[in-house]
Amino acid sequence: MNFLEKLKKHSPLLILGLFFLGICMRMPITAIPSVIKDIAQTFNVETTSLGILTTIPLLCFGLLSSVVSALAQKIGNELTIELAMILMFIGSYLRILNFSSLMIGTILVGAAITCINVLLPAIISDKLPNQIGSVTGMYNVAMTLFAAIGAYAITPITHATSWQTAVIIISIVALIAAIIWVPNLLYNQRATNESSSTDRGTNMWKNANAWWLLLFFGGQCFVFYSIVAWLPTIAMDAGLSSDNASLVAGLLQLLSMPFAFAIPVIATKMKNRQPIMLFAGTISLIGTGMMFFPVNSLVYYIFVALFLGAGTTTTFVLAMTLFGLKTKSSADTRNLSGMVQSVGYLISALGPIIVGNLYSQTHNWFASLVVIAIAAIFFTICGVIAERKQFV
């Protein structure tokens, strides 16, 4: 037994590192829309031309998830995460220089977040197999909380200084996360010739149950990103002020925090999670159904945000938890996570586009909301089917 084998299986800073990775999972992206007009003015471009800033990360998630899984197999999960955080720091900082570097930096940030998305479930499954629910809940809370904080704080920081200063602060947070993660490199494991077949894991692309989980993940992401993109506009069309619509958008994430923590813990204690699937699908449909009625009431839309936030957050954190619960090795967890997220996020990227185009063609939200409702029913059915077997 060598020296490392005598040590604990993971660094004492692993959980703190996972918390900071959770902070960085959404904040570098969700903070930007609040200062889009300031960015457009700085770089002398049309505001509408910056809409791609929210699409680029989704495309990265879809196109690079399988690449991340293959890279981690060669160099190790922990080292891949470290390189990703350095990439995030560089990419985030590049966004303040000029329009071209803004686009390049956004791609780098999207690529870095893809690494976190894919590898965190595998790392937790490998290093903390008895704490999958609680640790997954912890980083989901960090992700949700700081996504909301970033979206709100960037505006007053911009007013007091500049949007560039706000982005630099976000970049520094990524750098801190990279520094905190360094001790985990002592426990980095990569594939060896002797164990290559084991380290490679199962080919999830040939697994029917993995495909049902993929469709569940893609459907719930389709609903979530459609809601994130258009809920404020739907609320304003119902008569709410822009300030109240922004409040509703923030509450969509804040009100979902209890579910972000509780669902992974509950899911680990259940052998069959079909009731959770049905709960999430039902309340997502209730929230969507409420938007068919353009009620000019902040309280009404707070309940819309509660139902939609609870439904979409439940499905997302459940999917991230299932990557570890439905596999028997960290290699399989990584492969399942990469496979599901690669196609799943490409499906999700279509959501805001389809919903927005339907609205522009019909000049009302009826057809768009019908599509969201159908997607909610679809992901619920796929999730229930995926839960027929304990493992993929």
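**Exercise 1. Describe the surface and overall form of the chain.**

Solution. The accessible surface of the chain amounts to about 16200 Å², and carbon and sulfur atoms hold 68% of that area (Shrake-Rupley method, 1.4 Å probe; for residues, only the protein chains shown count as cover). The model is predicted: local features need pLDDT of at least 70, side-chain atom pairs count only at pLDDT 80 or more, and totals for chains, interfaces and linings use all residues. Residues are numbered from 1 along each chain as its sequence is written, and side-chain values use heavy atoms, without hydrogens and water.

Next, the secondary structure comprises 17 helices and zero strands (DSSP runs numbered from the N terminus: H or I of at least four residues for helices, E of at least two for strands). The radius of gyration is 20 Å, close to the 21 Å from the globule rule for 392 residues, so the chain is as compact as a globular protein of that length (C-alpha atoms; the rule is 2.2 Å times the number of residues to the power 0.38).

**Exercise 2. Is Asn77 buried or exposed, and which residues does it contact?**

Solution. Asn77 belongs to helix α6 (residues 77–94). Its relative accessible area is 7%, so Asn77 is buried (buried: under 20%; exposed: over 50%; partly exposed: in between; 1.4 Å probe, protein chains only). Beyond neighbours within four places in sequence, Asn77 contacts Ala72, Leu119, Ala122, Ile123, Asn188, Gln189 and Arg334 (heavy atoms within 4.5 Å).

**Exercise 3. Classify the accessibility of Leu346.**

Solution. Leu346 is located in helix α16 (residues 330–362). Its relative accessibility is 33%, so Leu346 counts as partly exposed.
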